[in-house]
Amino acid sequence: MKHKKSIVALAVLIALGAGSVAAYSLHDGQHQQESSKVSDDQSNSSSSLKDLPKGVKSTDWDLVLVNKWHPLSSEMNFDKVTVSGKVVDARIKQAVLDFQNGARAAGYQTVLVSGYRSIQYQQEVFDNVKKNDMDEGMTDAQAEKATKAVVQEPGSSEHHTGLAIDIAGSDAFEKYPSLEAKMDTFDSQKWLINHAADYGFVLRYPEAKSKIKETGIDYESWHFRYVGVKNAKYMVKHNLTLEAYVKALKEAGR
Ligand SMILES: [Zn+2]
């Protein structure tokens, strides 16, 4: 079902002329309860985080939290630049280049699959996928539900921030052009996941069940979020999602 939906959505995107963003938002859909993963981990309670990085505040630009519980109501304003063919917040251009160059130096070519997306664009995609479902005979309510399962709702995609990137090892992307969690079986993708923090990025939607509950999004081995090196290293060290980290900062009065 989900796979079929992805194909339908992909066809719609191609029809939309989405071009190189073939992978688009299919995998940024909200988590569905059928996840069979049983792996889990120990969550850090935020009260145990006594050594939060100095000078960091929950309101910092690089910690902006956008998810289904914190959707944007209007487009964000920031300087946009194109890097590796994709638009991102100008403030992370160098980090993206460094991340890709770091991978190259380690022997891995990478593909920047997706960067910034406007709310308006997300709305167009959402509406098209939904319309397609209704054309296939679903009711409005059925189509709405089915679409939400595969397309992030407009306003709640982290790609609206310009701080999120979908990046893949070229070999992993060649094998899974519509982006699949199992891209992480490739050494290139493993390298990206293991070294992201050195460049200020975190793997935003981890695999552990408890993390999926926090982010509301299934494991994505390709979606990285810029938070700055200091924050990224702290989050990795303490095994924190952005949701948990921002919560901890707020609880500490930051
Ligand atoms: Zn993404």
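Reader: Which residues coordinate the zinc ion?
Author: Donors are N, O and S atoms within 2.8 Å of the metal (3.2 Å for Na, K and Ca); water is not among the atoms, so sites may look incomplete. Here the donor atoms are NE2, OD and ND1, at 2.0 to 2.1 Å from the zinc ion. In that order, they belong to H159, D166 and H223.

Reader: What kind of model is this?
Author: Residues are numbered from 1 along each chain as its sequence is written, and side-chain values use heavy atoms, with hydrogens and water left out. Local features need pLDDT of at least 70, side-chain atom pairs count only at pLDDT 80 or more, totals for chains, interfaces and linings use all residues, and the model itself is predicted.

Reader: What spacing do the zinc donors follow along the chain?
Author: Start at the histidine H159, go on to the aspartate D166, and end at the histidine H223. Write the gaps between these donors as x, and the spacing reads H-x6-D-x56-H.

Reader: How many residues apart in sequence are the parts that D166 and H223 tie together?
Author: Helices (H or I, at least four residues) and strands (E, at least two) are DSSP runs, numbered from the N terminus. D166 lies in strand β4 (residues 164-169) and H223 in strand β6 (residues 223-226). The pair therefore ties together parts whose separation in sequence is 57 residues.

Reader: Are D166 and H223 buried or exposed?
Author: Buried means under 20% relative accessible area, exposed over 50%, and partly exposed in between (1.4 Å probe, protein chains only). Take β4: A164, D166 and A168 point one way, and I165, I167 and G169 the other way. Six of the six residues of β4 are covered in this sense. D166 and H223 are both buried.

Reader: In β6, which residue is the bridge partner of D166?
Author: Two strands pair if DSSP finds at least two bridges between them. β4 and β6 have three bridges and run antiparallel. In β6, the partner of D166 is H223.

Reader: Which strands are the edges of the open sheet?
Author: Four strands form this sheet, in the order β3-β4-β6-β5, with antiparallel pairing. Four bridges join β3 (residues 110-114) to β4, and three join β5 to β6. An edge strand pairs on one side only, and here the edges are β5 (201-203) and β3.

Reader: At what angle do the axes of α2 and α6 cross?
Author: Axes are lines fitted to C-alpha atoms, for helices over the stretch in contact, and angles run from 0 to 180 degrees between N-to-C directions. Contact means heavy atoms within 4.5 Å. The axes of α2 (residues 93-105) and α6 (residues 187-195) come within 10 Å and cross at roughly 130°.

Reader: How many of the 10 residues of α9 are buried?
Author: Helix α9 covers residues 242-251. Its buried residues pack against α7 (209-215), β6 and α8 (229-237). They are L242, E243, A244, Y245, V246, A248 and L249.
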